Amino acid sequence: MSQSDTPNIQALSTEASQLRQELQLRDQLVQQLSQELFRLVKGNTNFMPQRTEPERDLAQLQALREQLQAVEQQVAFYQEQITSRDVEIYQLRQSVQELTDRSRMLEQVVQELPQIYRRKFEERMTPVREKVAILQRENRQLQAELQSVSYRLALKTRNASHSGIDLPNFPRPASGQSNISTPQNA
């Protein structure tokens, strides 16, 4: 125990002893009052209830029975209302539970939608990517062929420029005579 607890224990002990003393004092006062009340009641005959007539008692008893019956009817009515409200509350709780379950399901669907859309998009994009890859391969092949043809054309053009100019060959007329002389390529 620490030293700070010691004053608290002493204060509580003092307070407890004061409360015991007050309790003893009150017990004594109650004892005295009961004795005084007993003495007053024993000596006073007017304090006792007076006897009433039986007819009057029967009328009061009948009135009390009618009141009791009315109260019982009210209790039955309220009990029926409580029962119907309980049924309504049960149905509402079931509806709330169903709606909560449906809400959770919809929330899950909403959370899964982006993944579903991504997957569907990927499924649709796969053929497109394959087509793009095929087109790119064809494009590379065509570019390679174009470069090859360009290179061969450049070589031919360079070789042809050293040996002379390539002139087109025109077909000769069938008559054999022509006013225009055609140069012949060697």
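Author: Searching the whole structure gives 3 salt bridges. A salt bridge here is a side-chain nitrogen of Lys or Arg within 4 Å of a carboxyl oxygen of Asp or Glu. The model is predicted, so local features need pLDDT of at least 70, side-chain atom pairs count only at pLDDT 80 or more, and totals for chains, interfaces and linings use all residues. Residues are numbered from 1 along each chain as its sequence is written, and side-chain values use heavy atoms, with hydrogens and water left out.

Start with Arg39 and Glu36. Their closest N and O atoms lie 2.0 Å apart. Both residues sit in helix H1 (residues 5-43). They are 3 residues apart there, which means a separation of about one helical turn. Helices (H or I, at least four residues) and strands (E, at least two) are DSSP runs, numbered from the N terminus. Glu36 is partly exposed, at a relative accessible area of 34%. The classes are these: buried is under 20% relative accessible area, exposed is over 50%, and partly exposed lies in between (1.4 Å probe, protein chains only).

Next come Arg104 and Asp101. Here the closest N and O atoms are 3.8 Å apart. This pair belongs to helix H2 (residues 54-163). Arg104 and Asp101 are 3 residues apart, so about one helical turn separates them. Arg104 is exposed, with 54% relative accessible area. Asp101 is partly exposed, at 38%.

The remaining salt bridge joins Glu122 to Arg129. The closest N and O atoms are 2.9 Å apart. Glu122 is partly exposed, at 37% relative accessibility. Arg129 is also partly exposed, at 43%.

Now the setting. The protein chain has 2 helices and 0 strands. Of its 186 residues, 1% are buried. The chain's accessible surface is about 18,600 Å². Carbon and sulfur atoms hold 56% of that surface. These areas come from the Shrake-Rupley method with a 1.4 Å probe; for residues, only the protein chains shown count as cover.

Helix H2 also contains Ile82. Ile82 is partly exposed, with a relative accessible area of 44%. Together with Phe77 and Tyr78, Ile82 forms a nonpolar surface patch of about 320 Å² accessible area. Patches take residues with over 30% relative accessible area and no salt bridge; like charges are joined within 9 Å, nonpolar side chains (Val, Leu, Ile, Met, Phe, Trp, Tyr) within 5 Å.
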